[in-house]
Amino acid sequence: MYTSRQFVLAATIGLIVTLTSIPDADAQRRRTTPQPVAASAPCRDFYSHINADWLKANPLTDGNDTITALGQLSERALLQQRNLLDNAMNTPKTNAQKLLGDFWASGLDEAAVERDGSHPI
């Protein structure tokens, strides 16, 4: 018949086979692929999220695909320069303003500039 050694060997093999065939809950959890998490709005478009208030306050105009703070500063400086020169041309208060106003007015008279051509040079 069977010896105790053979019995222990058979019982051990049977126990190993039984334990390996039982699915491990942790192993099952590790084998499943995680479902992707939906990204929040800041993660999808960080630029629009951070600059939302500025973009609302500074909408793009037709023909411009970008707008910058430096561009706005440049436009404002040109507008101030034109206003100063127009005021110097229309209502000069000092001799320097009269000279600047006359020079500005001479450049605005396109008909005279075209008529003179390169003669003043």
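# Helices, salt bridges and surface patches

Biologist: At what relative accessibility does Lys98 count as partly exposed?

Modeller: This is a predicted model, and the value is computed from it. Partly exposed covers the range between buried, under 20%, and exposed, over 50%. Lys98 counts as partly exposed because its relative accessibility is 42%.

Biologist: Which residue forms a salt bridge with Lys98?

Modeller: Side chains of opposite charge can pair when their charged atoms come close. Here the closest N and O atoms are 3.2 Å apart, and the cut-off for a salt bridge is 4 Å.

Biologist: Why are Asp102 and Lys98 separated by about one helical turn, and in which helix?

Modeller: Both residues belong to one helix, which spans residues 95-108. They are separated by about one helical turn because they are four residues apart in helix H7.

Biologist: How many salt bridges does the structure hold?

Modeller: Another joins Arg82 and Asp86. For the structure, the count is two.

Biologist: How far apart are the closest N and O atoms of Arg82 and Asp86?

Modeller: Arg82 and Asp86 are four residues apart in helix H6, so about one helical turn separates them. Arg82 is partly exposed, at 42% relative accessibility. A salt bridge needs the atoms within 4 Å, and the closest N and O atoms of this pair are apart by 3.8 Å.

Biologist: Is Leu84 buried or exposed?

Modeller: Leu84 lies in helix H6. Exposed means over 50% relative accessible area; Leu84 has 61%, so it is exposed.

Biologist: Which residues make the nonpolar surface patch of about 290 Å²?

Modeller: One member, Ile13, sits in helix H1, residues 4-21. Patch members need over 30% relative accessible area, and Ile13 is partly exposed at 49%. The patch is made by Leu9, Ile13 and Val17.

Biologist: Which residues gather in the patch of negative charge on the surface?

Modeller: Glu114 is among them; this residue lies in helix H8, residues 110-116. Glu114 is exposed because its relative accessible area is 67%. The patch gathers Asp109, Glu110, Glu114 and Asp116.

Biologist: What share of the 121 residues in the protein chain is buried?

Modeller: The secondary structure is eight helices and zero strands. The chain exposes about 11200 Å², of which carbon and sulfur atoms supply 61%. A residue is buried under 20% relative accessible area, and the buried share of the chain is 6%.

Biologist: Which element has the lowest mean pLDDT?

Modeller: The chain averages a pLDDT of 82, and 84% of the residues score at least 70. Among the elements, helix H6, residues 69-90, has the highest mean, 92. The lowest mean, 65, belongs to residues 25-31, helix H2.

Notes
Residues numbered from 1 in each chain as written. Predicted model: local features only at pLDDT ≥ 70, side-chain atom pairs only at ≥ 80, totals over all residues. Heavy atoms only, no water. Patch = residues over 30% accessible without salt bridge, like charges linked within 9 Å, V, L, I, M, F, W, Y side chains within 5 Å. Areas by Shrake-Rupley, 256 points an atom, 1.4 Å probe, with all protein chains shown as cover. Salt bridge = Lys/Arg side-chain N within 4 Å of Asp/Glu carboxyl O. Lys, Arg positive; Asp, Glu negative; His and termini not counted. Charge placed at Lys NZ, Arg CZ, Asp CG, Glu CD. Helix = DSSP H or I, 4+ residues; strand = E, 2+ residues; numbered from the N terminus. Buried < 20%, exposed > 50% of the residue type's maximum accessible area, 1.4 Å probe, protein only. pLDDT = per-residue confidence, 0-100.
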